[in-house]
Amino acid sequence: MADHAHDHAHDHAHDDHHDHEHHVDNFWTKYVFSIDHKMIAKQFLVTGMFMGIIGVFMSMLFRLQLAWPGESFPILETFLGKWAPDGVMDPNMYLALVTIHGTIMVFFVLTAGLSGTFSNLLIPLQIGARDMASGFLNMISYWFFAASSVVMVVSLFVETGPASGGWTVYPPLSALPQAMPGSGAGMTLWLVSMTLFIAGSLIGSLNYIVTVINLRTKGMSMTRLPLTIWAFLVTAILGVLSFPVLLSAALLLVFDRSMGTSFYLSDIMVAGEMLTNQGGSPILFEHLFWFLGHPEVYIILLPALGITSEVIATNSRKPIFGYRAMIGSILAIAFLSFIVWGHHMFITGMNPFLGSVFTFTTLLIAIPSAVKAFNYITTLWKGNIRFTPAMLFSIGLVSTFVAGGLTGIILGDSALDINVHDTYFVVAHFHIVMGLSAIFGMFAGVYHWFPKMYGRMMNKSMGYLHFWLTFVSAYGVFFPMHFTGLAGLPRRYYSNAEFPIFDELQDINVIITMFAIGGGIAQLIFIFNFFYSMWRGPKAPQNPWNSNTLEWTAPVEHIHGNWPGAIPEVHRWAYDYSKPGYDEDFVPQTTPLKDGEHAH
Amino acid sequence: MSGIMTLIVLVLAVLTALQLIRIFELSSKARQTAEYEVTDRDNNNQGWLMLLFGFGLIASFFWMLNAWLPVTLPKPASAHGTDYDNLMTISMLVIIAMFVLVQPILFYFAWKYRGAKDRKATYYEHNNRLEFIWTIVPAVVLAVLIIYGMTTWSNVMNPKNEQEPLVIEVYAQQFKWTARYAGQDNQLGYANVRLIKDANVIGVDTLDTKGGDDKITTEIHLPVGRPVLFKFRSQDVIHSAYFPHFRAQMNCVPGMTTQFQFTPTVTTAEMRQDAEVQAKVARINKIRTEKGLEAYAYDYVLLCNKICGSAHYNMQMNIVVESEAEYAKWLTEQKTVAETL
């Protein structure tokens, strides 16, 4: 007891000191060059949302072209200028739009926007730390991301157009400006932007790992961590191990483009010009790219799954089912994700035996994924479900995770991949399992932790409307693509009018575009709700969802150091919801175990 | 003008949204709860919507199967294509079964356990037996699929040849295909992009004696029932030779040669007689007549399926499968490399 009091006093003294130190907070140190993890989280979120608006808007533009190829839309000329003379989109611009849409959504929205926001916001608050291990590196991490976003946006305005070789930027197409206009200055800026992005992401990830390992509060053992933190930790480890490989792939590509090396180039004649490059292999790039590229899928997905675990448990008023199995499956998925990259390359001509190996490892991932899905569903069973907008999006995530995961069993099978590789079947698969699931996880996170970020509540009814419009149009957009894929329609086709066999797919394309436009417009509801609630929403209570985790023990008003007094001590896991023996249907982690009470 | 209109619409939309929010807030105030609090009525409404969505999802899935299965690829035109389609059908049945089983359970639970203030959830944190079951069952199902898939893959990629396959090179460049037949000796002469000069458009080595009888063509003709070994090269960027009707695909990579072998089993003429294909062609021609396009008769086609530049979407070559006699006749009409260079 005496010790406790001492702690308290010490902490108070510490905090007084803190306050004093930060009295000089001005606009720049508070909102711009902040080293407070809560502010940095908000910076990531708002930047990610801004990029997301660009990315989604681009998809609406190219969907117009796909539904009504060759027709004139004045809006295209308004936004694309010389790339859409008389409102008809240029094929090069079509490829640029799909490329930048992919890049922005995968990296800027679902990697930085999702992981950057919630790792930053929740790691210190949920483990009971005053801030990240290094606030300064955290700030640097955001500013690298901000700079890379600026460069990516600038690349949209160069004379020869932005990068347009697909988000995977396979050389030689991306290496040779003669091969397509987008491989000129646009591609250079793409590489600069991604280099900055990777640097920022690495700094951020290292910080997350160090913080989780070292700064957990008293009593917060690894098996008491909320699953969000487990997901963020494993995500950060994946990033640290895989992003450097992409960086080296990108650097070698820079050398090939600008310094005459031949890492990826050999025996090429392009636009009538015989190149001198010899001995390189484009397949090398694919190996390096997908060594990141596949873990990247889980870098995107795991934080969304972590958020979902938290939201589903809290709103079912039940413990997450199979907590240890959930940790185990996160670890299994993370490990396997490093040895499956070859399933993106079954038909590159690599040794068929290698194809078999990658088929084996790839299909194994279905097992931990199935465990996760079943555990989510069992968490709902006999729950007392409270449908907050966050809960709706989390249930939506489970649905898309199952729907998209199942088609992975088709694509991960090298034999079946032969005929559906690079068709719309693939587009359907990864958009549902990775794109939708992750973005639903992100929405769930925003609705759930908005009160923690802004001290105000988002409007629930608008959240409901936003969810249902988004959910219906999401399936409406991507489900029909399975069928166009099975009809043999390749992805990244500017138009399918050149092949009469695809003529009967045009009606489906129109339906998809209708849903895409509807779903895109529905996001305005979210944006409106977000900014309206930020300034005008009702003031948030301290623990609006009756949640167990530590972030809700911190005051609504943000302060440096998160807790005014001592950091709370943790006595139990995060999922004691509706535990017998307690009147309330939640028992915060700070509540000591009663005599004879069983821990989970 | 349209700019001003857009602006007016936007302003009106924002005003509407503001009014809506006020309505939501006022009606919650009337019920003496905060707007953000989830009431029993909300849970009820959202629970029912979940159930409705679950039904809708499964119903629309079957509607799509019914409406759109006919637009997918018709029966395969190659020997291994049948094995491919069998594997696809079985794998599809497995995942469809999972889909129609798991999705309804999810939405049913969401509805069934919609919350109410006077209820309490059951504290149920884990059950090793259950978790064991749903680890082992998927593992067993996947083991079967993996073994079946690997066997098929291995048979497709390492075909056993009872007769010597016909060797054909498929040469890719932005944005067209060229084919080279191996000629009398059934051996392709050496070729490299560096040897491209004037009329020697795909860089055949004129000093290589195996190459003189090679024939360069702009269409692929294949004799039915004979295995064909395709060798792929690319001149500039990565392309992918996609033969959807034959369930075959292989990337064409600059600087290296790749290959894929299959045996065509259905001639173009026979395929055009197939009932399913005729129905498909009739539907397509109905669309084409409406658009004022010329009528279409079913053809096999080679597509590019790896992004390769601005005209990627129109990089194609016609493929004709015909009898051995028709094929021989066509081939004799083609000029050899020795004749053209």
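Thr362(A) is buried, because its relative accessible area is 11%, below the 20% cut-off for a buried residue. Keep in mind as you look around that this is a predicted model.

Where does Thr362(A) sit? Its place is in helix H11 of chain A, which covers residues 352–364. A polar atom of the Thr362(A) side chain lies 2.5 Å from the backbone oxygen of Phe358(A). Setting aside neighbours within four places in sequence, Thr362(A) touches Val340(A), His343(A) and Gly412(A).

Now let us turn to chain B and its strand S1, residues 166–173. Of the 8 residues in this strand, 8 are buried, so S1(B) is largely enclosed by the rest of the structure. Leu166(B), Ile168(B), Val170(B) and Ala172(B) point one way from the strand, while Val167(B), Glu169(B), Tyr171(B) and Gln173(B) point the other way. Residues on both sides are buried.

Which strands does S1(B) pair with? The table lists two partners, S5(B) and S2(B).

| Partner of S1(B) | Residues | Bridges | Direction |
|---|---|---|---|
| S5(B) | 228–234 | 7 bridges | parallel |
| S2(B) | 176–181 | 6 bridges | antiparallel |

On the S5(B) side, Ile168(B) stands opposite Phe230(B). On the S2(B) side, Gln173(B) has Lys176(B) as its bridge partner. S1(B) and S2(B) together form a hairpin, with 2 residues between the strands.

How values were computed:
Residues are numbered from 1 along each chain as its sequence is written. Chains are lettered from A and ligands numbered from 1 in the order in which they are written. This is a predicted model: local features need pLDDT of at least 70, side-chain atom pairs count only at pLDDT 80 or more; totals for chains, interfaces and linings use all residues. Side-chain values use heavy atoms; hydrogens and water are left out. Buried means under 20% relative accessible area, exposed over 50%, partly exposed in between (1.4 Å probe, protein chains only). Helices (H or I, at least four residues) and strands (E, at least two) are DSSP runs, numbered from the N terminus. Two strands pair if DSSP finds at least two bridges between them. A polar contact is a pair of N or O atoms within 3.5 Å; within protein, one must be able to donate a hydrogen and the other to accept it, and residues adjacent in sequence count only if both atoms are side-chain atoms. Contact means heavy atoms within 4.5 Å.
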